[in-house]
Every structure is written in structure tokens, then in C-alpha cells.
Amino acid sequence: MATGHIPAQRRVVKVLVAGQILGGIGMGATLSLGALLAAELSGSSAWSGMAATMSTLGAALVAVPLARLAQARGRRVSLSTGALTAGTGAVLAITAVTVNSFPLLLLALMLLGAGSATNLQARFAATDLANPRFRARDLSLVVWSTTIGAVLGPNLFGPGEVVGAALGLPPLTGAFVFSLLATVAAALVYSLGLRPDPLLTALAGRAASAPAGPPRGGLAIVRTNSLARYAVVVIALSHMTMVALMSMAPIHLRDHGATLTIVGLTISLHVAGMYALSPIFGWLSDRIGRLPVILGGQALLLIALTIAWRSDGSQTTMTYSLIFLGLGWSASVVAGSALVSEAVGVHDRAGLQGFSDLSMNAAGALGGALAGPLLISVGYSGLGVTAMVLVAVVVASSLARLASRRV
């Protein structure tokens, strides 16, 4: 990385951190409410998993368009567009509950998923001008900053109900007001702060030193690049494991007598596990390598699933499980994302990043869709055992890659 990029990289990371804090509030304020509203409007807990499914499906659908928009017009336009799309989803969610429309709620949750896609793309924006020696660290700092908003968000349920009542909104919709305000503010931060644009700056520098042909699509890259393929699989399956367990946690807690405040607190601790220690995992990824951190992340996921398997439904047990679930997700996604960013040159990076986010969210959508029926048929403990298969696939792939490197 050229020395002249150092001040610019520091500024970019600061802007991304501010945007992620706001985006985290927008995401966290409605994270658990989606499952509760889906069960209420549909009339069955079996549909509760559709909240996470539609949110992750929405994130999957916009991942590649946002990446292409970033490639063409830069991160500034792409990230602000994604944040505003999520704000539109918050408005539709309030409308859906007001008119008691389950299909409209599903559409709203899809649009809110654009906020998740935006937060995910922001972590890659931190690598555009980063020094390769500190790429995982810079990426993890942006991931970490989501902690502040995402932990604060679920605890806005109570204040949201007060605000909603004052505005004459239906119950459980007040938090969406905070989500709307936060996503609009995030769009402004990205739009005003990312000047000059980090990705366009990196692409201009690459074109000046070594002109390249048209950028390749992510699918074409993973077909021929084994490192890119491995990184995408790690991120996708780790995310699928996390979504499957997390999406059913509010329903499981409520069925065992937990109040809305307790549900919000438990989810906050889970989200803290997802983001709070990400700088440590980023530092470890730079120091000891990506693969060892990925294997450590899978070990943490296995601990979480084992606790869920042996769970008695108590809040304490659920909290431990969800914290380990968040930590395992963090280690795996931070290290895997660093691999995605360095598997190809900057010219092809946005395409691979978009495909990685598409795969990640598609896997999460599938995990959320399957989690509801599994919860009814085999219970929360059976859901934990089933998810162990995903961890086994990642561990086997990682060990095979380590063995091939030694050879």
C-alpha cells in the first residue's frame, strides 16, 4: 500500500465505524421483534423463523447489486443506498402491523435485510486501502463498531413502546422508529464522509500501475480459485449455524416464560459476542493466520451447540449458548472475510465480496427457514444437534486445507 493512503485509510475507518454504529442500532432495534411479529401476524410460531429468513433473503438479494454499484460508483453510493433501503423497510414494517398484513411484514423484513447487507459490505470497505499486514485488523475494527449500536438496539424495545404509544403506533412497532432514524443518519454519514471514495481510489491506483480487463463475477472466481471457494464456504456455513439458533431463541425464551425485556437483554449479549471481541480475532488472524482462527471459531460454535443440545430452557443456559454462538461466528467471519479480500486482486475484489455476502445471506435464509419446523419437530436441543453437521463440514474443509499446505 502506498504511504499516501495511510491518512486516507484512517479517515475511511473512522467514517465506517460511525456508520456501523448507526447501522447497528437500526439492525439491533428490530432483531428480535421480527420473529415475534411474524408469529403474531401469522398466528403460528412455525412462521416465526420467516423473520430471519426474509431478512437474510433480502440481504442476499441486494448483496450482488450493492457490490456492482460499489464497483461502478464507489462505496459511498453503495453503502448509502443500502442504508436508505433498510429505512424504507422500517416504514413498511410499521404499516404492516397497522393493517395486520403478514405478507407486507415479510416484504418489510426483506427490505430491512438491506441494512445487514450494508453492514457486511462496510467491513470490506475497510480493506480497500488497508495495508495487507493489517487488513484483518482494520476489517475487524469496523465489525467491532457494530457492537455499540447492535447491543443498544434490542434494549430500545421499552423506550420504543413509549415512543410508539406517543405516536399512536401499534404495540411492538415503536422500535422501528429508532431503526428508521438510525438508517437515515447512517446514509448521511456514508454519503458525506467517504470522499474521496476508498474503492474508486484503490481501483484508480491499480489501473495506473497495471491495467486489467473487465472484472470477473464472484461465481467465476470461486470456480477457479480454491482459496476464494474455501473462504466463501466458511462464512456461509458459519452464518447459517448462527442464524438457525439465534432466530429461534426469542421464541424458545418466550415459551419458557421470559419477558420481552429478558429476550432483548439475552439477544444483546449474543450480539455483543458477535462483535465485541472481533478486534482480537482480527489481530490473531494477522498474527497466527486465518485458518487457526477459523478452527477456533468452529470450536466456539460447537460449544454453543452443545450447550443448546443440553439446554433446560433457562435464561442462564440460553445466554451462555448465545454468547458462544456469537463468538464463534465472529472468529469465523472475520478470518474468512480477510481471506475473501486477499484471495483476488482489487480489480476482482468487489465481485467476490458481493458473491460471498450473497452466499452468506442465502445460507442464513435457509437456516432460518428450516429452524422453525425443526424447533417444532425436534425442539431447540435437536436444532443444536442438527447444526453440528455444518460445523463438521467447515472443520473437515479447514483440516484438509491445512494438510495440503503442509504438503
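The expected span of a helix is 1.5 Å times one less than its number of residues, where helices are DSSP runs of H or I with at least four residues, numbered from the N terminus. With that in hand, welcome to this predicted model, in which local features need pLDDT of at least 70, side-chain atom pairs count only at pLDDT 80 or more, and totals for chains, interfaces and linings use all residues. Residues are numbered from 1 along each chain as its sequence is written, and side-chain values use heavy atoms, without hydrogens and water.

**Helix α15**
- The 28 residues of α15 (315-342) should span 40 Å, and the 41 Å between its end C-alpha atoms agrees with this.
- Because 22 of these 28 residues are buried (under 20% relative accessible area, 1.4 Å probe, protein chains only), α15 is largely enclosed by the rest of the structure.

**Loops worth a look**
- R195 and P196 are joined by a cis peptide bond, with omega about -5°; P196 sits in the loop between α8 and α9 (198-209).
- N100, in the loop between α4 (75-99) and α5 (102-125), has a positive phi of about 60° although it is not a glycine.
- N100 counts as exposed (over 50%) because its relative accessibility is 54%.

Note on methods. Helices (H or I, at least four residues) and strands (E, at least two) are DSSP runs, numbered from the N terminus.
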